[in-house]
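Biologist: Please pick one part of this model and take me through it closely. I would like to see how it is built and what lies around it.

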Amino acid sequence: MENFTGMIDRFLVPVASKLNNQRHVAAVRDAFMYIFPLTIASSIVILINNLFFSPDGFIARVLRLENFFPNLSEAQAVLASAANGTIGIMALFIAFTVAYLLAKENEGDELLTGLTSLSVFMIMYPAPFASDTVNAVETTYLGAQGLFVAIIISCIIGEFLPKLASTKKLQVKMPELVPPAVSRSFSAMIPMVLVIMGASILNYIILRFAPGGLNELIYSTIQTPLRNLGGNIFGVLLIALIQSILWIVGIHGPNTLNAIRSAIFTEADQMNLLFINEGGSLNDVPYKETWVMLNDAFANMGGSGMTLGLIIAIFIASKRSDYREIAKVSFVPGLFNINEPLIFGLPIVLNPILAIPFILTPIVNILIGYLATVVLQIIPPVAIGVPWTTPGPLIPFLGTGGNFLALLIGLICLVVSILIYLPFVIASNRAADKELLIQK
């Protein structure tokens, strides 16, 4: 362990320190930190809604609440709108906040830069479409699925608009009697016109090639190579790898690849359930290598990246007060596989140290699950549907009909994830110390 952490300290920590102090990375990191309270508040509400009011929720099923409240699912509508105003518009928060922070770094007008970035994001957003008697805007890319585009746009606007606004030839001078706020707005008027006009022209060009706009162009580019994947261990590993990488760059990996995963694996999962319902044995299900049976059962404890292991590793080895506080508030949501507070709170997004175990851990645990169920066949495949909010190791236990050896394999996967994360958590302690020295 010491040799490995020493290697990380020599090679990775210096790079991480420099990268973390790079102004664009710092702006993105700090922006996620600023919106963290909204993220955690929303996650807690969603957790309560799914655990208690969904008929498929873990607590609802354990307590059989639907037997006492026949209309239980209707109660979800009471809290359902909480996500719309928080994580549902996260891309808008990032589009504004990153540009705001960069403008502050570049000694520009923070508010106008943030507003311009938000404006450009919506200029590049998919065009409204007619729905009955009104024009409607799809909300797909307002949330986590639009983060990548929001980060790109806000970094560009936050970098270049302050520089354009500081060019004296582009400034509109107002009389001294004009209030400072009005004078400041007019001073940046020409640069803002140029930026908005440029964004409109670029959007028009993109629409010629991709009618769905920039967001759809990026997503279709990512999705196209995956369409012919089959339901096998290599397909599961590849999707797990891509999903983790997408999270690292700020794209909601599970949502981005959901359509592809569904197209590849849903039929196989349904065939397995039909086989079991007709009296077939778990050991003989026709499809043993699906996403649910390998990733969700063995590599998703705490959410993407197996982050329940990261939370425990932070409790064990982290000396950083910010990490420990975020781990505390993320622990309960993490038990039920909700990890947005951790991903955007630490953050894991654009974190060069935590990116490595975040990508590696699910792959290792998928292979452990594959070895246990398909190669050695020491436990049956996890073919029984289990709610996604079920706490980690209980998924293979319940999904195999109560096989205690499957519970043990699940616990082994959790321990493995802790061991993988530990050296990187220790390295993050050293990275934090070096960042403090640089700041001093």
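Modeller: The protein has 22 helices and 2 strands. Both are DSSP runs numbered from the N terminus: helices are H or I with at least four residues, strands are E with at least two. This is a predicted model, so local features need pLDDT of at least 70 and side-chain atom pairs need 80 or more, while totals for chains, interfaces and linings use all residues. Residues are numbered from 1 along each chain as its sequence is written, and side-chain values use heavy atoms, leaving out hydrogens and water.

Let us zoom in on helix α18, residues 321–335. Start with its length. The expected span is 1.5 Å times one less than the number of residues. For the 15 residues of α18 that gives 21 Å, and the end C-alpha atoms are 21 Å apart, so the two agree.

Now its course. α18 bends by about 40° at valine 329. The bend is the angle between axes fitted to the seven residues ending there and the seven starting there. Proline 333 follows within four residues. After the helix comes asparagine 337, with a positive phi near 70°.

Which residues of α18 are buried? They are Tyr323, Ile326, Ala327, Ser330, Pro333 and Gly334. Buried means under 20% relative accessible area, exposed over 50%, and partly exposed in between, with a 1.4 Å probe and protein chains only. An α-helix has 3.6 residues a turn, so residues three or four places apart point the same way. Across the protein, 49% of the 440 residues count as buried.

Serine 428 sits in helix α22, residues 404–439. Serine 428 counts as buried because its relative accessibility is 1%.

Next, helix α19, residues 340–345, which holds phenylalanine 344. Phenylalanine 344 and tryptophan 247 form an edge-to-face aromatic pair, 5.8 Å centre to centre with 65° between the planes. Rings of Phe, Tyr and Trp (its six-membered ring) pair if their centres lie within 6.5 Å; planes under 30 degrees apart are stacked, over 60 edge-to-face, the rest tilted. Tryptophan 247 lies in helix α13, residues 233–248, so the pair ties together parts 97 residues apart in sequence.
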